[in-house]
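Dear colleague,

Please find below the structure that I am handing over to you. My notes on it follow directly after.

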Amino acid sequence: MSILLISKTKDLTPFRDALLALDNNLDVEIWPDISSKERVTYAVAWNQQNGLFSLFPNLNVISSLGAGVDHLIQDNSIPEHVEITRVVAPGLTEQMCDFVTMSVLNMIRDVKQYHLQQSQARWNVVNRTPKNSLKAGVMGLGELGERTAIRLVSNGFRVSGWSRTKKSIDGVTTYSEEELDRFLADTNILICLLPLTSETTDILSLKVFKQLKKPAFLLNAARGEHLVEEDLLYALDMNLLEHAALDVFKNEPLPDSHPFWSREKITITPHIASVTDPHEIANLILDNYKRMLSRQELNNRVDRQKEY
Ligand code: NAP
Ligand code: GLV
């Protein structure tokens, strides 16, 4: 029996080494260097080449190498009986809380503008809206969104949150799926931490930007396909949005010729909001691998109907 690591974008060697450091007897292989397709029972995948999974007749479980599973949900070579799991890890959550807090503060304190002014040796104070008259609204109150909302509260923000089912979180005004309009009308700083599903694709659109309280800001740290790119450019041009911080894009790496690169009102990071640590995830994979072998319930299972 072997564990197969598959990705077309990530170097998987540190993940294989971290697994072998935990148990030297494991049989861990990296696609396409495998000894036998029949021996693969457990796969770990990130941005994999689509259509591969039907090649492994004894595959039982596929774990995403990250929190998101859209790359697996969209791959229709995964047989019905194969379980999908994902990463839920304190380190991943902590990084996201830090990233969102940093990005939101950078936006509302005009840090990009000051960097620009420094490059021109220009001393100029930008007018700004005080933090206590802005409200941060987190879309998605799951493993990452809930902790992020709590972190923002502890940083002195007024915070609201939106999720499919209504949540109760101390200090956070919460809204359920059908209350989207009320949530938006109560939000200045929109923070997307939703999973990418057929319902959430293109959710960050002009219609949504128009409903935000002004001044309005956008942070997308979820998936590029949540955002309608041309709507963002229009909203920035029309001053419906002051600034957007984007960590994720429809096409990654973001192509050199993409209009986002040259916009002063857009801050770009290369999908680094929260990065899976090989050592942290190796423990989770090994635990679930053992659970699979002993037919125990797996941790962090994904509901394939819900798509997350
Ligand atoms: P999660 O635990 O599955 O939480 C998802 C949240 O979104 C839940 O609160 C869920 O509502 C809500 N939701 C789902 N569909 C919805 C809908 N149609 N309307 C309203 N709310 C909806 O996910 P997570 O672990 O927090 O991760 C979220 C996403 O972050 C991942 O899927 C991934 O794409 C992204 N991510 C990005 C990075 C990065 O580096 N940029 C790193 C890690 C993760 P319920 O609670 O009611 O189910
Ligand atoms: C990163 O984007 C993740 O889903 O973990």
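Which polar side-chain atom lies 2.8 Å from an oxygen atom of ligand 2? That atom belongs to the side chain of Arg223, and the pair is a polar contact (N or O atoms within 3.5 Å; within protein, one must be able to donate a hydrogen and the other to accept it, and residues adjacent in sequence count only if both atoms are side-chain atoms).

Before the details, some conventions. This is a predicted model, in which local features need pLDDT of at least 70 and side-chain atom pairs count only at pLDDT 80 or more, while totals for chains, interfaces and linings use all residues. Residues are numbered from 1 along each chain as its sequence is written, chains are lettered from A and ligands numbered from 1 in the order in which they are written, and side-chain values use heavy atoms, with hydrogens and water left out.

Ligand 2

Around ligand 2 are Trp46, Gly66, Ala67, Gly68, Arg223 and His271, each with a heavy atom within 4 Å of the ligand. By class, this shell holds two nonpolar, three polar and one charged residue (Ala, Val, Leu, Ile, Met, Phe, Trp, Tyr, Cys and Pro count as nonpolar, Asp, Glu, Lys and Arg as charged, and the others, Gly among them, as polar). Backbone atoms also take part: an N or O atom of Ala67 lies 2.7 Å from an oxygen atom of ligand 2, and a polar backbone atom of Gly68 is 2.8 Å from an oxygen atom of the ligand. The protein covers 88% of the 200 Å² of accessible area that ligand 2 has on its own (Shrake-Rupley method, 1.4 Å probe).

The two domains

Arg223 also forms a salt bridge with Asp70, with the closest N and O atoms 3.0 Å apart (a side-chain nitrogen of Lys or Arg within 4 Å of a carboxyl oxygen of Asp or Glu). The protein is divided into domain 1 (2–89 + 276–293) and domain 2 (90–268), with bounds from an automatic or database domain assignment. Eleven residues from domain 1 and eight residues from domain 2 make the contact (heavy atoms within 4.5 Å). The area buried between them is about 780 Å², of which carbon and sulfur atoms give 52%; buried area is the accessible area (1.4 Å probe) that two parts lose on being put together, summed over both. Asp70, Ala89 and Glu280 supply 50% of the area that domain 1 buries against domain 2.

Ligand 1

Ligand 1 is surrounded by 30 residues, the closest being Arg86, Leu144, Thr165, Lys167 and Tyr308. A polar side-chain atom of Thr165 lies 2.5 Å from an oxygen atom of ligand 1, and a side-chain N or O atom of Arg86 is 2.8 Å from an oxygen atom of ligand 1. The protein covers 94% of the 950 Å² of accessible area that ligand 1 has on its own.

With kind regards
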